[in-house]
Amino acid sequence: MPTPTTRRRAFALAAALAGAAALSAPAASAAGRADIARPASSGVHLQQAPSASGGKTLTVATNGSIDSLSPFLAHRALPTAVHRLMYDFLTNYDAKDDHPIDALATKWTTSPDKLTWTFTIRDGMKWSDGRPVTAEDVAWTYNLMMTDDDAATANGNFVANFAKVAVDGANVVITLKQAQSTMLALDIPVVPKHVWESHVADIGKFNNDAQFPVVGDGPFILTGYQKDQYLTLDANPNYWRGKPGFDHLTFKFYKDADAEVEALKKGEVDFVYGLTPAQYDSLKGQANITTDKALGKRFYALAINPGATTKDGQAFGDGNPALKNQQVRQALMYAIDTKVLVTKTLGGYGTVGTGYIPPIFATYHWDPDPATAYSYNPDKANQLLDAAGYKKGSDGMRTGPDGKPLTLRILGETNRPDDTQNAAYLTEWLKAVGIGATTSIVDQGKLGDTETAGTFDLAFDSWTVNPDPDYVLSIQTCDERPKTPGKSFAGDDFICDKDYDALYQKQITEYDQAARAADVKQMEQRLYSDAYINILYNANSLEAYRSDVIGSWEKQPQPEGAYWGQDGYWSFWSAKPAESASSSSSSSNTGLVVGIVVAAVVILGGGGVFLLRRRRTQTAEERE
Amino acid sequence: MSITVPAPPAAAATPPPPGGAAAVRRRGPAIPLRYAAGRIGGAAVSMLAVVFTGFFLFRIVPGDPVRAMTRGRPVDATQLAALRHQFGIDKPLIAQFGDYTLRVARGDLGTSYQYKSSVSSLIGSHVWPTVYLVGTATLIAALLGLRIGVRSAWKHGSRSDRANTGIALVLWSMPTFWLGLILIVVFSVGVGPIPGMFPTGGMSSPDVHGLLPSFWDHVRHLVLPCVTLIAVIYAQYLLTMRATLLEEIGADYLTTARAKGLRDDDVRRKHAVPNAMLPAVTLVFLNLGTAVSGSILAETIFSWPGLGSLFYEALTVPDLPLLEGLFIFFSAAVILMNLLAELLYPILDPRVRTS
Amino acid sequence: MIADFRRRRAGMSGLAFLVLIAVVALAAPLFITSHDLSAVYAPGAPRQAPGSDFLLGTDGYGRSMVDVTIWGARISLTVGVLATLLAVGIGALVGVTAGHFGGWPATVLMRVTDWFVVLPVLVLASALAAVLRPGVGTVVVAIGVTAWPRTARVVRAQTLSVEARPYIERAKALGGGHLHVMRRHILPNVMPLMLAQATLTVSEAILAEATLAFLGLSDPTKVSWGTTLQLARQVGAVSANDWWILLPPGAAIVAVALAFTLVGRALEQVLNPRLQEQM
């Protein structure tokens, strides 16, 4: 028979649990605050509280992640974009057509032997702590990356060819090991020497998020960062090109893309980017929302394994040998209907792939002659495959000269839904011309493994291209193949074509832009006919913003570029608040009120049930 | 529930927590030492196994996080090699295991690839939102589940019992993430006459200031993820409470009690419920594993800045040290809670102690 | 016993529903052609709303959601059943061994079982699915390897109670080996309980399949309820309010998981006389 004591203990435990859980709520918010209240965020609050009331805020939804806020360490796209806003670079890209323009440097000259570049640093620029921006800051930043391996983590590739960086009055003098045509595309944030000197010792560990506001000289000053929650910036009132139109810029972190879209619809955020076609369609025609379909900076390609080799030509991996045959590769391209991929996978938001450099970069983009361009033509694919010696069997599937059936493995990535969809289309098209196909869609890590091991036949491949095409061109050269079999390599697809490499060397030393563009186009032509790396399409960059918050802002390049992912800070710097920004706040207030009411009902629901029960038992007892 | 305690002697009328504590003290060493030592030893062995599993689970198939981390970035071969070295994955597996064991022994869980900061500090900064969410959800689910479970059992077979059990089973059969998505569509976006009234994600808005507004802001953000999580764990409380109580009801002493002419209500409140409470309350601790799993999904859907979304993020890279750290942390939390339940059980139920 | 089960309405309706689903899933190839599920020759336009052409609209490829949901049952049920077979297999092996032999093997086995019970299942399963090659097989293994402990416990308890029966003593005295006793006497007695456990495990496995698919750890090229939902989410069907893509697979999961649970509970009650009194 249970004693009252036993029962009381059970209640004690229940109550203790309840107490613990109830305590945990305030404790959690307190702890959350304590977490912000490290030197870092006490700064946020001090900074923000007075100004936030007075200024206009532009809120951006992002599902990007921040690996580090140190310009020396950050690899991810989001921190790189934020660094654009925080720090000025040596040069910038024009908002209209992406050509290099002045930034930290007001002018530049080159020596006749092409090996010395002299940049004159802008006079009168100031860091946000009032100290002047000097040539010394530039040289110190570059030199640190040249001498310290940890400092080279993120941008070491830009200074790899530097022999010496020196200061000469207001000039920075850079001496190169060999000529380099990309000197006006050094995307390196220049940091204040007087602030960063003390962090040199632990530069590989310092994430630049210890003290806010972060001293910078860009159009915005970083004022706070709360991991996975938000990142806040304030307009730099003294920015030399002019003060930004919005006083505050906030990035809000989302893990779920649909949540971002809903947040935009409700006015919780003012700008979303990276929309899927379905999301974009759902935002079209909504009140107070402007959608934008921009040309994308990204290419989406089908990479064909040429048979993995190291720099010394040692073969490894198990790529299908049939793919060494150019006819087979070209047959694949005739078997694929890229138009269908654009209309179905992209919902029509994109252009059919042609040259390696996307059409948004008009200077370097190349289009094949329509007469010889790959187009959907299964008959031609069949002819080419027959000619290459892969005969169709009685079951309609082809076998090679060695008697083995021709089956290819398609490799894609989980986080890129395009891959799954496109693989489904590809499988059916390949089957139609007698080629078997299997698909594996894997996470980023495993994709990297399979690529490095060279154990794939076809892989979906996508890169973002910069206004200067050098990098994406470099990854297809012989030198970028791995040193040892199966080890990480900087290249893309084990391609090694001597003619292509010769052209690559030619363009990197060509300082005349028109001549260089001609070389680049020739390289694209080469890649196209080799058919190892085949651009399937260039997807549009789909974005949307609140037109009741943002009145006007600039695209880059114009008129078809995007607001997000610019190679400058133009959109956020030029954004002007809309005239009447009142409608959104009132609607969010209604939402707030309704929300509070329902929240109260739901949260108190449990309590309500309790009280009700209590009443009932009490009355029962009273009746006794 | 303490309201239902019938007019007791003065001492017993003290509020439950101190009363309970006092009762424990009076009994002297409540937990037999051997029993306690055995349980603690068992937990320690489990923990060791978790630490070893944590390593081999994630490293036995070598991943190449370097390529994933630098995706779409201009980097050259030197930078890649430096990164591999920095991550410590250029060493053979056995050397990596040595590093790992030494680190973990020192309480150092390593450095996250994608955040470039220590795993311990990442867990430290993400643990409170999770405790806050899981704690609130567990509290509400337990109160509702246990309460309704009692009613269901007492009136088993009735229409309300069938309805309650049915609802619980449906909720139990629902994929957590799907429920979250549907809740977003209905209550964040709004469907038909229902306005979108809750935020779509996050734990708070950056631009809300002042004590009361920011309190409401927190509550508003909490509602949908909390409801999702409650739905996941609620059923187990209800069903367990119901089943245990049903067993109690069949027990002899209750028949005796009824035969003695005690009113049905009293039998329930004074005898059956307290005894059934024990296993049900223990379940609160034991269910932490389910709650953790549920919170991974709820946090991901609602962009809740806790350990769950950290885990999801880590899965996509894969961020090995972070995955290992979270695996160890989650398992440790559950093992600890289990240990706690096992140690508390004999204090609460003398029958266990004597047997 | 069968008559007893028949009396349980919830269990019977669950069973009837499952039989219906199983028949539809098995017969699916008869009325869904490869063209209906083809990406290239998809019958409709992508994400078409429900209408006279397509009762439940179309998915991201333009395939009928009715067809996709029915076809999804094949993979989801296969994964559920295979994972359950694995889980119950492991569980039965561990349970019977521990129950029959006792002593230190039992201690070790039950220690391991307890350890597995404690681990957060989703974390373990997603870790497994993340390191193994993605695919249906991996999902089966990940679920199977994490879902067996409960069966092991139940089976061990039952084995212990069977072992205590006099005829086992007799069989042992007559020189019946371990294998003989286990196969001829214990297994038949444990079987019904395993069946109940299995039924309950299937619904867990189906939920787990959907969850792993949602976390991107399954093979997205296979049409299952989980992958359909994951793809719908990836293409942004939630914010586009394409409810017809989200609702059917989710509802199907709920319905089937519920049906298995109902059948499992009913079986448990039929087999466990102690529970029976109470219902």
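Colleague: Between which two elements of chain A is Lys255(A) placed?

Modeller: Helices (H or I, at least four residues) and strands (E, at least two) are taken here as DSSP runs, numbered from the N terminus. On that basis Lys255(A) belongs to a loop of chain A, and the elements on either side are strand S10 (248-253) and helix H7 (257-266).

Colleague: What pLDDT do local features need in this model?

Modeller: Residues are numbered from 1 along each chain as its sequence is written, while chains are lettered from A and ligands numbered from 1 in the order in which they are written. The model is predicted, so that totals for chains, interfaces and linings use all residues, side-chain atom pairs count only at pLDDT 80 or more, and local features need pLDDT of at least 70.

Colleague: Is Lys255(A) buried or exposed?

Modeller: A residue is buried if 20 or more other C-beta atoms, placed from the backbone, lie within 10 Å of its own, exposed if 12 or fewer do, and partly exposed in between. Because Lys255(A) has 23 other C-beta atoms within 10 Å, it counts as buried.

Colleague: With which residues is Lys255(A) in contact, leaving aside its neighbours within four places in sequence?

Modeller: Two residues are in contact if their C-beta atoms, placed from the backbone, lie within 7 Å. Thr59(A), 196 residues away from Lys255(A) in sequence, is 16 Å from it in space, C-alpha to C-alpha. With neighbours within four places set aside, the contacts of Lys255(A) are Asn63(A), Thr300(B), Ser303(B), Ser309(B) and Tyr312(B).

**Backbone details in chain A**

Colleague: Is Asp98(A) buried or exposed?

Modeller: Asp98(A) is not a glycine, yet its phi is positive, about 70°. The residue lies in the loop between strand S2 (91-93) and strand S3 (100-102) of chain A. Because 24 other C-beta atoms lie within 10 Å, Asp98(A) is buried.

Colleague: How many C-beta neighbours does Lys114(A) have inside 10 Å?

Modeller: Lys114(A), a residue other than glycine, also has a positive phi, near 65°, and its place is the loop between strand S4 (105-110) and strand S5 (116-121) of chain A. Lys114(A) counts as partly exposed, because its number of C-beta neighbours inside 10 Å is 16.

Colleague: How is H15(A) oriented relative to H16(A)?

Modeller: Axes are lines fitted to C-alpha atoms, for helices over the stretch in contact, and angles run from 0 to 180 degrees between N-to-C directions; those under 35 degrees count as roughly parallel, over 145 as roughly antiparallel, 65 to 115 as roughly perpendicular and the rest as oblique. Helix H15 (residues 498-508) and helix H16 (residues 513-530) of chain A pack at about 160°, with axes 9 Å apart. Therefore H15(A) is, relative to H16(A), roughly antiparallel.

Colleague: Which residues of H6(C) meet H5(C)?

Modeller: Helix H5 (residues 121-131) and helix H6 (residues 136-147) of chain C pack at an angle of about 145°, their axes being 9 Å apart. From H5(C), the residues Val121(C), Leu124(C), Ala125(C), Leu128(C) and Ala129(C) take part, and on H6(C) they meet Thr138(C), Val139(C), Val141(C), Ala142(C), Ile143(C), Val145(C) and Thr146(C).

Colleague: What percentage of the residues of chain A count as buried?

Modeller: Chain A has 18 helices and 23 strands. Of its 624 residues, the share that counts as buried is 53%.
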